[in-house]
Amino acid sequence: MTVEQATRTVAYGRAAQELALRRSELELAVHLGHVRTVPSPGADRRRVPQDEIDRLRAEPDFPDGLRERVRTVGTAQAAELARITGDRFTRLARTGHFTPVAFYLNRYRSVVWLYLAREVGETAARLPELLTGRAPREVRDRLEAGEDARPRDWRARRLQLLLRQAPDAWASAAAIASFLDPLQLAEVTPDPYERAHLEQLRPAPPPGRPESDAARAIADRLLLADDPDEILRLRTVLTHALRAARADRPAPRPRAAAPVPESAASVMPAAPAPSAEPGASKTLARPTAAGHHPPPRGPADRRPATRAGLRTALLARLRLRLRLGRARAG
């Protein structure tokens, strides 16, 4: 292989053609780590090295083997593979026994989860006791509590991909931060310049994002952690990731503005917390002399001193959002 072949890269469309895959199948293969990609200089999109395509094409089971590794099925087909009813499969997926690998919204804007066919078969063979008879008490209790682990498990899987692709410590921190809502992120990252840097490095949304605003809002909500335990875990992991990133290098700042200037508070007041007093207003930031826009300052740090206190606060916030959502729906 020549040096030119080893360093040449191709776009996803061309790579999909050469690997006998549909575009969506290639993107899933990348997501699962079956196809290596590299950053594209000056562009957001990653590209596929030509030598990676040559490696995959040289495998003895190409192209059927690669296609089978990325074959996805919906609930009905997955239930057939596991030899159980669709209702039972859904219950087991809701309790985290089958992990979705992707999703899409149907014409009714309902979320349709997709599963890897190979994983469904492997899980069914590994857990035969869940496929027949009455479900274990633990599964029944979790269902009665209204648990649905599918969004959380899908996010965990996506985070693994993003961390695998992250080129440095700041990109890793940005990948973790992308699963927290702005209020959570501001509490973990009080420095506005660090938050601006994380936003700049935020990973692109997964492929297949809906075009309509209403459907896109549903898909975007699935990207954000909403389970108290999940939020707490992400906050903890992000704290460690930020520590590593700061040790590597500080976040970019405007010239001659090392720590966050006190004047930033007058340029952009703190974003109000959910319980902000009436009359609070938002103000657009004015550019500094260096031409930068200081990012908005986050809400004051009101983190509870204990893990139990934090979890209580998160639960209270989620309940408030649910009440507000029901009030608007009514």
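I began with glutamate 52, which forms a salt bridge with arginine 55, the closest N and O atoms being 2.9 Å apart; I count as a salt bridge a side-chain nitrogen of Lys or Arg within 4 Å of a carboxyl oxygen of Asp or Glu. This is a predicted model, in which I required pLDDT of at least 70 for local features and 80 or more for side-chain atom pairs, while totals for chains, interfaces and linings use all residues. Residues are numbered from 1 along each chain as its sequence is written, and side-chain values use heavy atoms, with hydrogens and water left out.

Glutamate 52 and arginine 55 are 3 residues apart in helix 4 (residues 50–57), so about one helical turn separates them; helices (H or I, at least four residues) and strands (E, at least two) are DSSP runs, numbered from the N terminus. Glutamate 52 counts as buried at 5% relative accessibility, whereas arginine 55 is partly exposed at 40%, where buried means under 20% relative accessible area, exposed over 50% and partly exposed in between (1.4 Å probe, protein chains only).

I then looked up which parts of the chain the other bridges join. Glutamate 194 forms a salt bridge with arginine 246, with the closest N and O atoms 2.8 Å apart, and this pair links helix 13 to helix 15 across 52 residues. Glutamate 194 is buried at 8% relative accessibility, and arginine 246 is partly exposed at 39%. Salt bridges that share partners also join Arg36, Asp51, Glu52, Arg55, Glu59, Asp61 and Arg69 into one network. The structure holds 28 salt bridges.

For the rings, I searched the whole structure and found 4 aromatic pairs, taking rings of Phe, Tyr and Trp (its six-membered ring) whose centres lie within 6.5 Å, with planes under 30 degrees apart counted as stacked, over 60 as edge-to-face and the rest as tilted. Phenylalanine 89 and phenylalanine 98 form a tilted pair, 4.6 Å centre to centre with 35° between the planes, and both residues are buried. Phenylalanine 103 and tryptophan 154 pair edge-to-face at 5.1 Å and 85°; the former lies in strand 5 (residues 102–105) and the latter in helix 10 (residues 150–165), so the pair ties together parts 51 residues apart in sequence.

Last, I checked helix 15 (residues 228–248), whose 21 residues reach 30 Å from first C-alpha to last, close to the 30 Å expected at 1.5 Å a residue, the expected span being 1.5 Å times one less than the number of residues. Its buried residues include Ile231, Leu234, Leu238 and Ala241.
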